[in-house]
Amino acid sequence: VTNGAIRIGGVDVRDMSYDELLGSVSIVMQNVRLFADTIEGNIRLGKAAATQEEIIEAAKKARIHDFILSLPDGYQTMIGENGVGLSGGQKQRVAIARALITHPRIILADEPTGALDQSTGAEVMGVLTYACQSTRASLILVTHDPSVAARLPHEIHMRDGLIDQQVSR
């Protein structure tokens, strides 16, 4: 911060420890990294000490819980490296559940719909919006797709690292 202040939950980031700052933010990337493990294990990566109830709550908010229960082994279903066996939208929902399990104040989503078809992308955006509303987390969405950005109440265009334009709906 070189000018003004950046606050998370009313606290200036300069007054936070590095771990506190990192703990306030969860990231959902375009290219989801899932591991050859159970679905539960992949969600638990966000918080190693998570209880079963926390994992289920995060999965429900990410709207993947019902799908998980439809699998023969439920949360104990093994998936392959990089989510082999799951669709792109299912991988993103597992990643969103992983992000939510930390109870972040901010979810940073970097092109979360970029690798998805339009319909699945719209569903994932709906999940992210719902998840942020239900957890009171702020969503910072990085996208090059104007149709994705247009779904959100505020839009900031950046050019050369500076705010070029702001749009509120």
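Reply: On a 1 Å grid over the protein atoms alone, a pocket is an open set of points with protein on both sides within 12 Å along at least five of seven lines, whereas a cavity is a set of points where a 1.4 Å probe fits but cannot get out; lining residues have an atom within 4 Å of a point. The model is predicted: local features need pLDDT of at least 70, side-chain atom pairs count only at pLDDT 80 or more, and totals for chains, interfaces and linings use all residues. Residues are numbered from 1 along each chain as its sequence is written, and side-chain values use heavy atoms, with hydrogens and water left out.

Me: Which residues lie nearest the centre of the largest pocket, and how many line it?

Reply: Its lining has 23 residues, and Leu141, Leu152, His154, Glu155 and Ile156 lie nearest the centre.

Me: What makes about 850 Å³ the volume of the largest pocket?

Reply: A volume is the space filled by probe spheres set on the grid points, which are joined across faces, edges and corners. For the largest pocket, this space is about 850 Å³.

Me: Why are Glu54, Glu57, Ala58, Lys61, Leu100, Ile101, His103 and Thr135 called lining residues of the largest cavity?

Reply: They are called so because each has an atom within 4 Å of a point of that cavity. About 50 Å³ of space lies in the largest cavity, and the structure holds one cavity of 30 Å³ or more.

Me: How is the lining of this cavity divided by class?

Reply: It has three nonpolar, two polar and three charged residues. Ala, Val, Leu, Ile, Met, Phe, Trp, Tyr, Cys and Pro count as nonpolar, Asp, Glu, Lys and Arg as charged, and the others, Gly among them, as polar.
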